[in-house]
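Have the model open while you read.

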Amino acid sequence: MREITYAEAINEALSEEMRKDEKIIFLGEDIGVYGGAFGVSRGMLEEFGEERILDTPISEMAITGAAVGAAMTGLRPVVEIMFSDFMTLAMDQLVNQAAKTRFQFGGQVNVPMVLRAPGGSGTGAAEQHSQSLEAWVCHVPGLKVVIPSTPYDAKGLLKSAMRDNNPVVFLEQKLLYRIKGEVPEPGDDYVIPLGKADIKREGTDLTIITYGRMVQRCLETAENFASEGVDIEVIDIRSLVPLDKEGLIASAKKTGKVVIVHEACQTGGYGGELSSVIVDSEAFFYLDAPIKRVGGLDVPIPYNPGLEAEVVPTVDSISRAVRELL
Amino acid sequence: MKVNKKKHLDMYLKMVQTRKFEERAAKLFVQGKVHGTAHFCIGEEATGIGVCSALEEEDYILQTHRGHNQGIGKNMDIKLMMAEFLGKETGYCKGKGGCMHIADFSKGSLGANGIVGGGLPLAVGAALSQKYQKKKNITVGFFGDGAANEGTFHESLNLASIWDLPVLFVCTNNYYGMSNHISKAMNINDIAVRADSYGIRGLSIDGNDLLKVYEETIKARKYVLEQGPMLLVLNTYRWMGHSKSDPQAYRTKKEVEEWKKKCPIKRYSKYLLENKIASQEELTDLDEKAVRDIDAAVEFAENSPEPRIENIFDDVYAD
């Protein structure tokens with residue numbers, strides 16, 4: 001199979017859906033001639049024109065709200081927020097408008113939109129451009145939340161998100177944009193349903209539950225342990241809301257040991273929810289040890305590269321957690 | 001501008017219906033029949049009725065939290081409004097939204113908003129939709145003087161301007177953001193001058209003059225379709241407190257009494273009588289009809305079932 005990058009996979013999903021559905025418009029800062037801050041929308045202005053690829057002023061609140069208003073009136077907008085940290089500037093429109101519109105009006109209208117934004121550290125962009133804020137949006141009923149870890153998943157999940165009739169927050173990973181992976185040819189219209197976890201590595205001795213950039217790191221950890229004869233299962237949840245609870249519970253029952261890994265700060269992070277899903281279920285009775293969480297340190301992301309690398313989970317810190325359970 | 005008698009009487013009736021709706025709503029509070037809150041527009045009826053009466057059916061409006069006049073102006077069903085106010089299953093939003101979040105998409109009301117200025121970006125998006133779909137319609141984004149200091153106001157006017165969208169931004173300036181007088185909230189006397197900053201047209205008029213509001217909106221609608229967004233400021237006054245729990249320590253009774261003398265309904269009925277457009281008998285008939293409509297709405301609402309918790313997850317997500 002051919003290999004393309006994560007950024008190219010997202011571009012293909014956007015472009016293929018836009019070719020099929022005239023109702024899709026795409027708004028964001030510098031997505032036109034510039035091609036997006038991370039190059040995701042390169043070539044799209046040339047193909048779809050200014051009417052559908054809308055370069056916006058630096059007004060996150062207005063462009064997010066404009067997407068909500070357009071979604072309420074027959075279009076299917078996609079918004080790019082340049083860094084997920086800037087969702088803070090659009091929070092009212094996302095939380096009080098997009099998420100609540102359908103419910104508060106008694107189901108009179110849908111809000112079919114996707115808000116794409118890259119998150120995560122590792123680029124030296126420091127405190128205000130490196131956060132992982134997914135837990136915030138997972139806490140708001142009415143929103144769906146997706147974080148893909150491979151080019152294949154990115155394309156299939158984004159297509160599902162764009163066909164969904166709800167507001168979907170699609171959190172991309174800055175450090176994954178340039179990684180390559182196998183993706184079917186453009187003619188192959190595959191989609192990955194939201195709410196279905198993916199077992200990225202099957203195993204029998206311990207389950208690591210993770211998502212986003214940390215999937216790679218957990219797979220690396222699992223390979224290291226394989227040489228010691230420890231067989232680790234790595235589950236990529238892919239979609240945080242809706243969550244594949246059954247998939248997590250089944251794996252926990254199988255292995256009896258669970259480590260949860262995410263880059264976001266540990267306190268109040270989504271790992272707490274993942275852990276609760278397991279201990280609230282019959283899987284509790286199959287656990288041989290406490291569930292371990294490995295999250296980011298409870299600090300803002302620092303600038304210095306040495307510090308930056310150490311405040312998020314590493315193969316070493318994940319391995320230590322695994323070893324505690326063996 | 002020539003306005004036919006039917007239109008005159010329709011606008012008069014809608015103003016009276018709004019007044020009676022809210023007077024009855026206030027009474028239901030006193031009687032302990034309503035849980036929650038409401039924001040009354042008594043004294044401001046001419047704004048929403050005048051603007052919406054000048055719109056086409058397929059034009060959109062984004063309402064404010066103080067928008068019963070806007071909804072009735074856009075032909076919303078008073079029974080369903082009252083049922084929503086009482087939180088009933090038969091209400092516009094199945095009792096989930098209350099009157100701060102009321103909408104009728106079939107009539108072009110894209111909803112009231114509980115966030116000050118929250119509807120303005122939505123209005124920009126709805127207008128973007130209209131332009132993209134090549135419709136010959138406009139979107140009205142209602143907001144108050146308080147919202148003119150929110151970031152959404154500035155971002156939305158700018159975005160509508162650079163994209164040349166068919167939005168009419170309508171500010172109902174009632175001089176108070178809850179308790180804060182406009183003179184303490186901005187250093188300008190006329191909100192309409194803010195339009196200049198975004199390269200769009202601004203106009204400020206007497207918001208208690210129904211016919212003026214109606215006529216200027218007819219002109220503004222044409223302008224917006226042909227030349228792009230515009231800001232229309234309607235200067236008016238709310239007679240009641242901000243919400244049901246407002247002791248109104250921030251203003252004098254004298255000030256309120258002075259504004260009551262400028263009642264938009266009395267002013268319009270005087271105009272209709274003096275110009276022999278309608279007889280006193282015709283107006284009295286409409287007054288009585290409005291009361292009957294509200295009576296019927298309350299009866300409908302009170303006899304409607306409560307929403308059931310079994311259905312609470314409906315409408316959180318669409319299929």
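Strand β5 (residues 114-119) of chain A lines up with β7(A) in the parallel sense, with 6 bridges between them. Here strands (E, at least two residues) and helices (H or I, at least four) are DSSP runs numbered from the N terminus, and two strands pair if DSSP finds at least two bridges between them. Keep in mind that this is a predicted model: local features need pLDDT of at least 70, side-chain atom pairs count only at pLDDT 80 or more, and totals for chains, interfaces and linings use all residues. Residues are numbered from 1 along each chain as its sequence is written, while chains are lettered from A and ligands numbered from 1 in the order in which they are written.

**Around β7(A)**

- To get from β6(A) to β7(A), the chain goes through helix α7 (residues 151-163) of chain A, in a right-handed β-α-β crossover; right-handed means that, with the strands pointing away from the viewer, the path from the first strand over the helix to the second runs clockwise.
- How many residues of strand β7 (residues 168-173) of chain A are buried? It's 6 of the 6, so the strand is largely enclosed by the rest of the structure.
- Buried means 20 or more other C-beta atoms within 10 Å of the residue's own, with C-beta atoms placed from the backbone.
- V168(A), F170(A) and E172(A) point one way from β7(A), V169(A), L171(A) and Q173(A) point the other way, and all are buried.

**Between the two domains of chain A**

- Chain A splits into domain 1 (3-182) and domain 2 (198-325), with bounds from an automatic or database domain assignment.
- Their centres, taken over C-alpha atoms, are 26 Å apart.
- Domain 1 of chain A puts 24 residues into the contact and domain 2 of chain A puts in 23, where contact means C-beta atoms, placed from the backbone, within 7 Å.
- On the domain 1 side, α6 (134-138), β6 and α7 of chain A each supply at least two residues.

**Between chains A and B**

- 33 residues of chain A are in contact with 36 residues of chain B.
- On chain A's side, α3 (60-71), α4 (91-98) and α5 (101-104) each give two or more residues.
- α3(A) gives the most, with 8 residues.

How values were computed: Buried ≥ 20, exposed ≤ 12 C-beta atoms within 10 Å, placed from the backbone. Contact = placed C-beta atoms within 7 Å.
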